[in-house]
Amino acid sequence: MKKWSVLITLGCAQFVMVLDGTVMNVSIGAVVKDLDSSVAAMQSAITFYTLTMASLMLLGAKLGDVWGRRRALIIGSIVYAAGSLLTALAPNMTVLFLGWSIIEGLGAVLVIPAIAALIADNYEGSDRITAFAMIGALSGAAVAAGPLIGGFVTTYFSWRYVFIAEVVIMAAVVFFARHISDSAERRPIRIDLLSVLLSAAGLLLIVFGMLQSKVWGWIKPLSSPEINGVAIAPLGISLTAWFIVIGIAVVALFFRRQRHLIAHEKEPLVHVSLLSIRQLRSGLAVLGAQYATTAGLFFMVPVYLQMALGLDALETGIRIFPLSVSLILLSIVGTRLSKVWSPRRIVRVGQWILVASALILLSAIDPKLSSWIFGTGMFFAGAGLGLLASQLGNVNMSAVTEKDTSEVGGLQGVFQNLGSSLGTALVGSILIGALATSFAAGVAGSDLPSEVQQTISERTSGGVEIVPAASVDKIGTDAGLDAADAQTLSQLYADAQLSSLRIAFFALVLIALFSLFFSRGIPNEVVGKPAVATRPREST
């Protein structure tokens, strides 16, 4: 029974880590209204929540080696609970950003690597494979349950109660953590501060640049920030491109720093040679693409359903329900299939199902998103994600020996949350950017008076905020338009919303197709105990 109590405790922690983001996605409309904020501010909070985890996950994994993994789990759970409590009590977006995006993220960087390492420490052989598969299934269950839990609680109570519940769950994790075995020796090592700063800065620059693309433009400057009336666009190139390029350069410096530390027999933040293991490299890459797809889908669909159609959080959760059901079912089916199919085959099938689902969803777009075709597309999207969730955790952790599980847990957390950050930022910026372009083009080709067209062109040059389509008529009337012109403006905005949604779904098709290139290194053998690859020696 001990092995089940350990899995349940770690599973509860994993469930909360994944649940948080999906709950917030379906509660966007309610949070924006409650805190008198905007969708853009919510996108920033969602992105920086996962970015905080991605940028500091390697530090969290290393602290687990220093403090002990069980102690890291306990400390992280306490920090996470504190952030959840602050979020539940948040009077404005600033406090929510602090509690959710920062403090909860800091707790998660300790919890997530510890979960992976403690599973490896508490289970062996087939039990370990089953345990990692169940953690994957629980992650899928969290993604699936999030929209319904968030929708129900937000609609009939308040989104704040979800975070109160997280405090209770994490307190239970702390209480039962004493039953978890932690046999790994603590390593009194000195953590390199420069490595922490380089990894965090590089990831922050990349994702922040992508997040701002909807305002700054990708290459050609749109609405650049100004200093004393002078737009900041070095050499005529958007700041987005500069942020991404500089971020990549900083990440390259981070890798160089790790090799330097190893060459001088000092402890790196991460042994970069782990990424030379083909199985691990492929598993992490597919994992990142999976989370990018999930985050993008769970950002744009709820935004459209709530902000364009005016649905509440529960109605939004019901629309996503087909994905929720298939994700849970296929997480379980994928675990069973692993006895007869290789991990690569299961992953490839899941990836192709994701491609097919994105194409189905693209073809099913209509003003109400209520057709059976849309429901079918959501069901297949969940099926693909469920198959991936059933395999990737064990693929990654079985690629290394036990002494490297903490670092791999950190790397896995980095790719999960970096993928989520990039997916939210990329799909969100495409959705909002396409909305501005489509709306401006529609207005320019309409019969609206020229002075109205000029005013709208000027006001949308820096982007268009997502608002309920039904409210555009009143906005136009309040701005001085007559009833006919206000109605025309409202229809143009609704058409632009549909057009931008199509473009965003097409981006998901490309992400799903691109991820196929990463799965070549996934093991192609059906085995009970996967062969273990050891870390190559660092070259000096």
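**Helix packing and inner spaces**

Modeller: Let us start with a pair of helices: helix 16 and helix 19 cross in a right-handed way. Right-handed means the near helix is turned clockwise from the far one by less than a right angle, and left-handed means anticlockwise. Helices here are DSSP runs (H or I, at least four residues), numbered from the N terminus. Please keep in mind that this is a predicted model, where local features need pLDDT of at least 70, side-chain atom pairs count only at pLDDT 80 or more, and totals for chains, interfaces and linings use all residues. Residues are numbered from 1 along each chain as its sequence is written, and side-chain values use heavy atoms, with hydrogens and water left out.

Biologist: How is such a pair described, and at what angle do the axes of helix 16 and helix 19 cross?

Modeller: Two packed helices are described by the angle between their axes and the distance between the axes. For helix 16 and helix 19, the axes come within 7 Å and cross at roughly 145 degrees. Axes are lines fitted to C-alpha atoms over the stretch in contact, with angles from 0 to 180 degrees between N-to-C directions. Their contact residues divide into 18 nonpolar, 5 polar and no charged. Ala, Val, Leu, Ile, Met, Phe, Trp, Tyr, Cys and Pro count as nonpolar, Asp, Glu, Lys and Arg as charged, and the others, Gly among them, as polar.

Biologist: How do helix 8 and helix 16 cross?

Modeller: The axes of helix 8 (residues 193-211) and helix 16 (residues 405-444) come within 8 Å and cross at roughly 20 degrees. That makes the two helices roughly parallel (angles under 35 degrees).

Biologist: Which residues lie nearest the centre of the largest pocket?

Modeller: A pocket is an open set of points on a 1 Å grid over the protein atoms alone, with protein on both sides within 12 Å along at least five of seven lines; lining residues have an atom within 4 Å of a point. In the largest pocket, Leu203, Ile206, Phe415, Leu418 and Leu422 lie nearest the centre, among 35 lining residues. Helix 16 gives the largest share of that lining, 8 residues. The lining divides into 30 nonpolar, 5 polar and no charged.

Biologist: And how many cavities of 30 Å³ or more does the structure hold?

Modeller: A cavity is a set of points where a 1.4 Å probe fits but cannot get out. The structure holds 4 cavities of 30 Å³ or more, where a volume is the space filled by probe spheres set on the points, joined across faces, edges and corners. The lining of the largest cavity divides into 22 nonpolar, 17 polar and no charged.

How values were computed
Angles under 35 degrees count as roughly parallel, over 145 as roughly antiparallel, 65 to 115 as roughly perpendicular and the rest as oblique.
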